[in-house]
Amino acid sequence: MAARIGNDIEEAARRLEAGELVAIPTETVYGLAANALDERACLAIFEAKRRPSFDPLIVHVRSAQAAEELVRDVPAAARELMAAFWPGPLTLVLPKRALVPDVVTSGLDTVALRSPAHPLTARLLERLAFPLAAPSANLFGRVSPTTAEHVVEQLGDALGYVLDGGPCEVGVESTIVGWEAGRAVLYRPGGVPLEALEPFVGALAPAASRSTPAAPGMLAAHYAPRTPLVIGSPLEHLAHGSPARLAVLAFRTQHAAFACRTLSPSGDLREAARNLFAALRELDACGADLIVAEPVPDEGLGRAINDRLRRAAAARGAAEDSQGR
Ligand code: TXA
Ligand code: MG
């Protein structure tokens, strides 16, 4: 049975209390939520997304105080970041307490926490007696959803209710920061630009590479349309004239291609981030042979956009290996 779309917080709350999955709006992307303290409910998230069990979930809390109940200690810098950026698109990875189930953290002794800024989900969290585990509400490895309809397209049969909060304001996932050996580490660029974090934590070290990724935001191949995607210059590709059905994902300009989406005619990186995933989906659905995506300036939200484009491009080989993933 296909999921219903609505904006009834009570219905969402009742279903979550019954251990069901509900898709929720956040300012970044839609999340596939379950009671974070209910192991069975959280297992259902992995099943619905076909997500490997080694990819831990983000736990959404209503406040910094609610976060402190789930973790053992909070570095002073983390407390400052919560005060400055919550509610908002920043996730902090901190040592977990035993009440956070191991399925949520994939066995890690840390938990990823954030307080989302969307008003509907903020009210839902106020209404509930537990936090919500929620990864992005897409099939594993695919493009993240920024509208309720996107959620239904990929996961409509796997859940009963989508809480509709309209199109997401930020459009790329949260920035993820943790601490390793006392140093702040960046696990994923996202909705809070690095430039805004650095006054609090200094220069962020890149996460140490591991065979099991600490943050599968770190998986090289992710965010993938089914149409092959390369990063490059639209003009060069169009000059070559091949393939004939070339789709262009451009930053500022409009191109005469088989299909073209322009992320921000005025060159505003925030607008570009907001439009990114919907544009990727539209180009993916237009029957092109190849998508060429133009990189954006590597500053502010541009870092998160370029990061997602690189992973979508890296997914090309992986997607060809396992069609219909
Ligand atoms: O904006 C967002 O963060 C969205 C919305 C729904 O809140 N959520 C999201 O979730 O992007 P997801 O599952 O697509 O990405 C969560 C990332 C994963 O890459 C995961 O590995 C990382 O958070 N993560 C979770 N727990 C972690 C931990 N203990 N240590 C390091 N990374 C962790
Ligand atoms: Mg995701």
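The exercises below, each with a worked solution, go through a predicted model of a protein chain.

Residues are numbered from 1 along each chain as its sequence is written, and chains are lettered from A and ligands numbered from 1 in the order in which they are written. Because the model is predicted, local features need pLDDT of at least 70 and side-chain atom pairs count only at pLDDT 80 or more, while totals for chains, interfaces and linings use all residues; side-chain values use heavy atoms, with hydrogens and water left out.

**Exercise 1. Confidence**

State the average pLDDT of the chain, and find what the model shows over residues 319–325.

Solution. Begin with the term: pLDDT is the predictor's confidence in each residue, from 0 to 100. The chain averages 93 on this scale, and 93% of the residues score at least 70. Then turn to residues 319–325, where the pLDDT is below 50. Beyond near neighbours in sequence, this stretch has eight contacts in the model, a contact being heavy atoms within 4.5 Å.

**Exercise 2. A four-stranded sheet**

Work out the strand order of the open sheet of four strands, and say which helix lies across these strands.

Solution. Two definitions are needed at the start: helices (H or I, at least four residues) and strands (E, at least two) are DSSP runs, numbered from the N terminus, and two strands pair if DSSP finds at least two bridges between them. With these terms, the order is β12-β15-β13-β14, and the pairing is parallel. The edge strands, each of which pairs on one side only, are β12 (229–231) and β14 (259–262). Neighbouring strands of the sheet are turned by 20° against each other on average, direction ignored; here axes are lines fitted to C-alpha atoms, for helices over the stretch in contact, and angles run from 0 to 180 degrees between N-to-C directions.

Next, look at one pair: strand β13 (residues 246–250) and strand β15 (residues 290–293) run parallel and are joined by four bridges. Leu249 stands opposite Ala293 in β15. Finally, helix α10 (residues 269–284) lies across β12, β13, β14 and β15, and runs at about 175° to β13.

**Exercise 3. Salt bridges across the chain**

Count the salt bridges in the structure, and describe the pairs formed by Arg281 and Glu153 and by Glu173 and Arg308.

Solution. A salt bridge is a side-chain nitrogen of Lys or Arg within 4 Å of a carboxyl oxygen of Asp or Glu, and the structure holds 17 of them. The side chains of Arg281 and Glu153 meet in one, at 3.4 Å from N to O. Because Arg281 lies in helix α10 and Glu153 in helix α7 (residues 148–155), this pair ties together parts that are 128 residues apart in sequence.

To compare burial, take buried as under 20% relative accessible area, exposed as over 50% and partly exposed as in between (1.4 Å probe, protein chains only). Arg281 counts as buried, because its relative accessibility is 12%, whereas Glu153 is exposed at 59%.

The side chains of Glu173 and Arg308 also meet in a salt bridge, at 2.9 Å from N to O. Glu173 is in the loop between β8 (161–163) and β9 (175–180), and Arg308 is in helix α11, 135 residues apart. Glu173 is buried, with a relative accessible area of 4%, and Arg308 is buried as well, at 1%.

**Exercise 4. Helix α2 and its ends**

List the buried residues of helix α2, then describe what covers them and what stands at the helix ends.

Solution. In helix α2 (residues 39–49) the buried residues are Ala41, Cys42, Ile45, Phe46, Ala48 and Lys49. Their cover includes β3 (31–35), α5 (102–105), β7 (132–133) and α7. At the N-terminal end, Asp38 caps α2, with a side-chain oxygen 3.0 Å from the backbone nitrogen of Arg40. After α2 comes Arg50, whose phi is positive, near 55°.

How values were computed. A polar contact is a pair of N or O atoms within 3.5 Å; within protein, one must be able to donate a hydrogen and the other to accept it, and residues adjacent in sequence count only if both atoms are side-chain atoms.
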